[in-house]
Amino acid sequence: MEFQVLKRSYLKRNIIIAVVIVLMLTAIILTFSRAKYRTTQSMPLIQGTINYTLADLNIVAMYLDGSEIDTLPDGNYELTEESYCTNEENVRDETITLSYDSATKGLSVSPMMKKGTKCYLYFEDGASGGDYILAGDNAPDGETTDWTGGTTYYYTGNPNNWVQFGGFYWRIIRINGDGSIRMIYQGTSANETGSETQIGTSAFNSSYNDNMYVGFKYTSGQVHGTGTNSVILNTLNTWYQQNLADKADYIDGNAGFCGDRRVSSGTGTGTTNTHYGAYIRLVRNNNPSLQCDSGDVYTTTDSSTGNKSLQYPIGLVTADEAALTGITYNNANTGSYLYTNSTYWTMTPSNCDSRSYVFSVISAGSLDYGWPNISTGVRPVINLRADVALSGSGTTTDPFKVVGAS
């Protein structure tokens, strides 16, 4: 009898212990479950990502230009002021802020919302290309007209004009008069100086003993000839084909590149002493200009403007563009974003005195001119299309990016 009582006592104690353990495990599970639903998480929503408290957010409807849509829109779109959220009493909550990143299709909601909140999203076309940049905090600070006949907006100093495109970093030179975006290669990272800002070195041309060798393309005996590629153009073509050909849909071929061979004195042919227009503008007068003879505006073969002689839409910065940033002849300026502490070619002819000369930006931060057969740094320049969708603000940590292009 005593044994049976003892046995029942042990059994009762074990049952109590088991119940306590079950209760503890239940409490732990509930605690972690609640914590999970209290934590703001990033979860996929339709095609994009939205930050919200799990089980709290309800997108009732989305509209694009007045028409209802069921997926987040592709391209550069913005939320309008019509977008709003309602509380659990179905009353518009003015404390809730919505923001949308078209590059990632990310929708952010602030502050964290309560269960029962419903949101209505209205999208419209965002500013594209140059308009997007001009509308932001890091717009260019200078303006003039260029060979397109339109107003061009250019950067000076060392601004937040960074772009990440095609796996490389670039600096925007200017918004062209046709709205396209001209930018210069900066490297595989956000380097401001050094050889990393170049794709390598190259001679501009194979020789110096004829006026024709100042040409980005040239023909013997012709001032504006385009029959033969320069050495540096072949270098640029090879690099473009290997690195940017798959991004051609985003790159403009009409804007072109100015290799201004307008003659101020001399004939511009053979070994005749010649001064080209930029020599007078930049060496004697320090008066840069972005005008250009159409025969020296290098565009691609399918373009509607320029000389239509390029295989690929790639070129170099001009000496006039460098001068507009503050890099001028015999006047060092290390405060310009075009200063890299390295010497690199422009595509602007200077003069010929039986030997031909082409302008370059030299390592001291000024303009100079040298023989075209000297091996010097190469920094490609391209033009993004005026209608590309952009994101970002232009800083090194948040560079401008083309939506849809890596």
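Buried means under 20% relative accessible area, exposed means over 50%, and partly exposed lies in between, using a 1.4 Å probe and protein chains only. This is a predicted model, in which local features need pLDDT of at least 70, side-chain atom pairs count only at pLDDT 80 or more, and totals for chains, interfaces and linings use all residues. Residues are numbered from 1 along each chain as its sequence is written, and side-chain values use heavy atoms, with hydrogens and water left out.

**View 1. The disulfide between cysteine 258 and cysteine 292.** A disulfide is a pair of cysteine sulfur atoms within 2.5 Å. Here cysteine 258 is joined to cysteine 292, S to S 2.1 Å. The torsion about this S-S bond is about 90 degrees, so the disulfide is right-handed. Cysteine 258 sits in strand β18 (residues 257-258), and cysteine 292 in the loop between α4 (277-284) and β21 (297-298). Helices (H or I, at least four residues) and strands (E, at least two) are DSSP runs, numbered from the N terminus. Cysteine 292 is buried, with a relative accessible area of 14%. Cysteine 258 is buried too, at 5%.

**View 2. The disulfide between cysteine 85 and cysteine 119.** This bond also has an S to S distance of 2.1 Å. Its torsion is about 100 degrees, so this disulfide is right-handed. Cysteine 85 belongs to strand β6 (residues 84-86) and cysteine 119 to strand β9 (residues 117-125), so the bond ties together parts 34 residues apart in sequence. Both cysteines are buried. The disulfide count comes to two. With the bonded cysteines numbered in sequence order, the pairing is 1-2, 3-4.

**View 3. Helix α3.** This helix covers residues 231-243, 13 residues in total. From first C-alpha to last it reaches 19 Å, close to the 18 Å expected at 1.5 Å a residue. That expected span is 1.5 Å times one less than the number of residues. Ile232, Leu233, Leu236, Asn237, Trp239 and Tyr240 are buried.

**View 4. Glutamine 198 in its loop.** Glutamine 198 lies between β14 (181-187) and β15 (200-202). Is this residue buried or exposed? Glutamine 198 is buried, with a relative accessible area of 11%. Contact means heavy atoms within 4.5 Å. Beyond residues up to four places away in sequence, glutamine 198 touches several others, including Tyr185, Ser342 and Arg379. Its side chain reaches the backbone oxygen of threonine 343 at 3.3 Å.

**View 5. Threonine 305 and its partners.** Threonine 305 lies in the loop between β21 and α5 (319-324). Threonine 305 is partly exposed, at 37% relative accessible area. Leaving aside neighbours within four places in sequence, threonine 305 is in contact with Asn254 and Thr299. Its side chain reaches the backbone oxygen of asparagine 254 at 3.0 Å. Threonine 148 is 157 residues away along the chain, yet the C-alpha atoms of threonine 305 and threonine 148 are separated by 9.0 Å.

How values were computed
A polar contact is a pair of N or O atoms within 3.5 Å; within protein, one must be able to donate a hydrogen and the other to accept it, and residues adjacent in sequence count only if both atoms are side-chain atoms.
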